[in-house]
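Have a look at it first, then try each question before you read on.

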Amino acid sequence: MTTAVVSYKRHKNLWVRFVQPVVVIALCVIAVGIPLWLALITSAKSQGEANLPDLSLPTSWHIVDNYVQAFTDGEVWRGLLGSLLVMVPSVIGVILFGSLAAWILARRSSRWASVLYAAAISGLILPPAVVTIVLLLRQLGLASSPAGMIFVYMGMYMSIVIFFITGFVRTIPIELEEAARIDGAKPLKIFFTIILPLLRPVIATATILVCLYIWNDVFYSFFVLGGGSTTTLQLNLFQIASSNLYQNNWNLIFAYVVISSLPLLIVFIFAQRRIISGITGGAVK
């Protein structure tokens, strides 16, 4: 029995130390590395080679030509400005109002607070009704406008922010707020001077997630911004890829995909430590 137990522990340690990391790395390479490699290689191929996409290197490299043409024909600057126009106000608004709502819900223990919290995070599982959203925006005169898109994004991702931040607020000692109230601080001053600075790790995480969702969205922007003068990078890609401009030009499509992914990829590289600390902060605080 003792020998069997020792052998089991030895095999378990071998699995944890060597086999498990190799399996995880292999799965990451398959799930992320192969699609990324395919996009990069296809964006450097000629039109003929790109029409039959594979993982092989191009016989002749067309990196400069493909990226310059995708940048010019795809109106990258116009799409980039449109993406920032709807993303930056949406993220600021949803983080600000979501943090305030999460703070209030975290500090209330009544039945009504529980009901409101359940309703606030119901957006995590209930999909938005696109037809209703579009009809409502038309009634308000906000259809095909950046303002309408901003309100839609704020409503869609408010649940995510409230869900993330509420749990984090509950780990903050309430004595800090009570001491500020004794000193005569008003609720908004308590929030902006005490609570908000302590929420920086989880706010960084929520910000990156919301930015990722908004930046890559094409479905809702198609219905809300379609027909208007404002476009986004992803909506622009959908429009030009479905038109005759990029028909069968997979090299240009993949070049545009790489270009449109670079800004958020750079932000993610520099903010990944914040993301990890925000996810784990509530557990170790």
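Q: Which element supplies the largest share of the nonpolar patch?
A: Keep in mind that this is a predicted model. The patch sits on the surface and includes Ile 25, Val 29 and Trp 37, with about 1,100 Å² of accessible area for the patch together. Two helices, α1 and α3 (63-73), each give at least two residues to the patch. The largest share, five residues, comes from α1.

Q: Which element gives the largest share of the lining of the largest pocket?
A: This pocket has a volume of about 580 Å³. Of its 22 lining residues, those closest to the centre include Leu 36, Leu 212 and Ser 261. Two or more lining residues come from each of α1 (2-42), α10 (200-215) and α13 (250-284). The largest share, 10 residues, belongs to α13.

Q: How many residues of the lining of the largest pocket are nonpolar?
A: Sort the lining into groups: there are no charged residues and four polar ones. The nonpolar group numbers 18.

Q: Which helix gives the largest share of the lining of the second largest pocket?
A: Here the space is about 220 Å³. The pocket is lined by 14 residues, with Gly 123, Leu 126, Pro 128, Gly 155 and Met 156 nearest its centre. Seven of the lining residues, the largest share, come from helix α7.

Definitions and conventions:
Residues are numbered from 1 along each chain as its sequence is written. This is a predicted model: local features need pLDDT of at least 70, side-chain atom pairs count only at pLDDT 80 or more; totals for chains, interfaces and linings use all residues. Side-chain values use heavy atoms; hydrogens and water are left out. On a 1 Å grid over the protein atoms alone, a cavity is a set of points where a 1.4 Å probe fits but cannot get out, and a pocket is an open set with protein on both sides within 12 Å along at least five of seven lines; lining residues have an atom within 4 Å of a point. Grid points are joined across faces, edges and corners, and a volume is the space filled by probe spheres set on the points. Helices (H or I, at least four residues) and strands (E, at least two) are DSSP runs, numbered from the N terminus. Ala, Val, Leu, Ile, Met, Phe, Trp, Tyr, Cys and Pro count as nonpolar, Asp, Glu, Lys and Arg as charged, and the others, Gly among them, as polar. Patches are made of residues with over 30% relative accessible area and no salt bridge: like charges are joined within 9 Å, nonpolar side chains (Val, Leu, Ile, Met, Phe, Trp, Tyr) within 5 Å. Accessible areas come from the Shrake-Rupley method with a 1.4 Å probe; for residues, only the protein chains shown count as cover. A salt bridge is a side-chain nitrogen of Lys or Arg within 4 Å of a carboxyl oxygen of Asp or Glu.
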